Structure formats: structure tokens, C-alpha cells
2 protein chains.
Amino acid sequence: MKVAPELLDEIRWDQAGLIPAIAQDHADGAVLMVAWMNRESLAASIEEGRAVYYSRSRRKLWRKGEESGNRQILREIRLDCDGDTLLLRVEQIGGIACHTGRRSCFYRLLENGAWRDVEPVLKDPREMYPPKRG
Amino acid sequence: MKVAPELLDEIRWDQAGLIPAIAQDHADGAVLMVAWMNRESLAASIEEGRAVYYSRSRRKLWRKGEESGNRQILREIRLDCDGDTLLLRVEQIGGIACHTGRRSCFYRLLENGAWRDVEPVLKDPREMYPPKRG
């Protein structure tokens with residue numbers, strides 16, 4: 001599906017031209033992660049039907065799952081009332097969204113005054129990502 | 001509950017000293033809204049057991065529901081893997097999180113190439129907020 005520029009113009013991009021996107025499991029509502037999109041990555045997401053983010057550290061598009069295989073198939077895209085946050089309802093391929101090998105990035109629970117890891121690591125990150133080149 | 005500074009130090013506050021917080025309905029997982037917190041508002045949230053945000057436009061703490069009555073009781077606070085986004089699991093008093101009178105702020109669905117409002121207005125915003133002073 002080709003994306004009309006007007007659709008992107010309705011978004012309140014921040015000063016860096018970005019908008020945060022929340023990825024939520026479409027099946028059970030679990031919040032999986034938050035990442036950023038720019039115009040190009042949102043257009044690519046819509047056209048390809050999968051989550052394509054913009055990596056602020058690497059300064060380039062990042063097709064979620066391009067290394068790990070854990071793609072996010074888009075079921076729905078929503079925009080909030082003031083147009084500055086996206087909500088993606090996704091099918092999480094592989095059942096793992098977090099680079100730590102956990103299902104969700106939100107695995108640190110505030111409990112008795114400290115952050116405690118409460119979600120299991122489902123897969124060793126070394127198995128998810130190819131070794132970095134020197 | 002008094003908040004230890006170390007707990008707040010583990011957060012990767014942005015350059016403005018803020019972190020985005022996603023409010024999610026604890027009962028059915030609906031994503032309700034996203035707002036911002038600073039150290040003071042997160043500490044107040046923890047101590048008071050309700051969502052206290054920082055309003056960037058008004059530059060002050062904002063106890064969610066202070067005008068509308070639609071408070072958010074905190075059931076859980078989670079932090080993500082890189083420490084720069086919070087997930088609040090809340091009980092939404094009044095069943096309305098959005099200032100437009102809808103349950104969720106994410107009521108604009110991308111459909112056939114355009115954003116379409118797909119959630120009903122449950123309460124007239126004029127009934128939710130007292131008239132602004134001239």
C-alpha cells in the first residue's frame with residue numbers, strides 16, 4: 001500500500017523528526033517495546049506490513065527482526081489524540097521482542113523499593129544475533 | 001512508601017530530565033495514554049500510589065484526574081531494558097483516560113490510508129473539566 005503524504009503530515013513529529021511507537025501484542029495486549037520512527041520508517045512499515053523503526057544510535061532504518069528473525073507483523077496502527085505517539089498492534093514472530101531474549105522489554109518491576117527482573121530469558125541473545133565484526 | 005534516590009538514578013532521564021510513561025489498563029491490557037514524568041513526579045507517584053505526571057506545557061506536576069476525577073491507581077510500575085521508558089499498569093477510575101472523553105487516547109486507527117476515529121466519546125469533555133478562567 002502506497003502511503004499518502006497527508007497521512008504523515010497529521011503526525012506531530014518531534015524536533016528530530018521522530019515519533020515514539022509502542023509495540024503491543026495484538027493477541028493478549030502485552031506491551032512489548034517502545035522504539036522510534038521517522039517519516040521514512042513509518043511509510044516503510046505501512047507499505048511492508050511490518051514494523052520498521054529508526055535507530056537513533058545507528059542513524060538508519062531498522063527492520064525489526066532483520067538480525068534476530070523476530071519480525072513484527074502489523075495488525076493495526078493507531079495514533080493518539082495529540083498526534084505524537086503511535087501504538088502498533090503486532091504479531092510478534094518468535095515471541096521475543098527484547099534484545100535480552102525476553103518476550104517484552106518491560107521486565108523490570110518496581111518491587112519493595114527496587115527494580116527487579118521478573119521475566120524469564122527465553123533465548124540466549126548470543127543465539128539471536130550474529131557476532132559483531134571487529 | 002518513601003522513594004530511595006538510587007531507584008531514580010537507575011532511570012535514563014532524557015536531556016530535559018524526563019521519561020515517557022505508558023499507562024496501561026491492568027485488567028485488560030488496553031493502552032490508555034502516554035505522558036511524561038520527572039524525578040519529582042515519579043517519586044510522588046510511588047509515594048501516593050497514583051499516576052502523577054509532569055506537564056511539559058504547564059511546567060508543573062499534574063496529578064492525573066485532579067480536574068476530571070479520572071485518577072489512575074497504580075498497580076505496577078515497570079522499567080524497560082534500557083531504562084528510558086516506564087510502563088504503568090493502572091486502574092483507571094471513571095474508565096476514561098483521554099481528555100476528549102474517550103477511554104484511550106489511541107482512538108485514531110489507520111484505515112484505508114487515513115486516520116479514522118474509532119472509539120466512542122463516553123463523556124462530554126465540558127462535563128469533565130471546569131471552565132477555564134479568562
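Guide: Two strands are said to pair if DSSP finds at least two bridges between them, a strand being a DSSP run of E with at least two residues, numbered from the N terminus. This is a predicted model, in which local features need pLDDT of at least 70 and side-chain atom pairs count only at pLDDT 80 or more, whereas totals for chains, interfaces and linings use all residues. Residues are numbered from 1 along each chain as its sequence is written, while chains are lettered from A and ligands numbered from 1 in the order in which they are written.

The contact draws 32 residues from chain A and 32 residues from chain B, where two residues are in contact if their C-beta atoms, placed from the backbone, lie within 7 Å. On the side of chain A that touches chain B, at least two residues each come from strand 1 (19-25), strand 2 (31-37), strand 5 (72-79), strand 7 (108-111) and strand 8 (114-117) of chain A. Strand 5 of chain A gives the largest share, four residues. Sorted by class, this side of chain A holds 20 nonpolar, six polar and six charged residues; Ala, Val, Leu, Ile, Met, Phe, Trp, Tyr, Cys and Pro count as nonpolar, Asp, Glu, Lys and Arg as charged, and the others, Gly among them, as polar. Because 100% of the interface residues of chain A are also interface residues in chain B, the copies meet through the same surface.

The symmetry can be described next. A rotation of 180 degrees, with 0.0 Å of shift along its axis, superposes chain A on chain B with an RMSD of 0.0 Å, by least squares on the C-alpha atoms of residues with pLDDT of at least 70 in both. That is the relation of a two-fold axis. In chain A, the C-alpha nearest the axis belongs to Gly29(A), at 2.5 Å from it.

Strand pairing also crosses between the chains. Strand 5 of chain A and strand 7 (residues 108-111) of chain B pair in the antiparallel sense over two bridges. Arg78(A) stands opposite Leu109(B), and Leu79(A) stands opposite Arg108(B). These strands belong to an open sheet of six strands with mixed pairing, in the order 2(A)-1(A)-6(A)-5(A)-7(B)-8(B). Strand 2 of chain A and strand 8 (114-117) of chain B stand at its edges, each with a single partner strand, so one side of each is left without a neighbour in the sheet. The twist averages 35 degrees from one strand to the next, taken between axes that are lines fitted to C-alpha atoms, with angles running from 0 to 180 degrees between N-to-C directions.

Another open sheet of six strands, again with mixed pairing, has the order 8(A)-7(A)-5(B)-6(B)-1(B)-2(B). Its edges are strand 8 of chain A and strand 2 (31-37) of chain B, each with a single partner strand, so one side of each lacks a neighbour in the sheet. Within chain B, strand 1 (residues 19-25) and strand 6 (residues 86-92) run parallel and are joined by five bridges, and Gln24(B) has Arg89(B) in strand 6 of chain B as its bridge partner. Ala21(B), leaving aside its neighbours within four places in sequence, is in contact with several residues, including Val34(B), Trp36(B), Tyr53(B) and Leu88(B).
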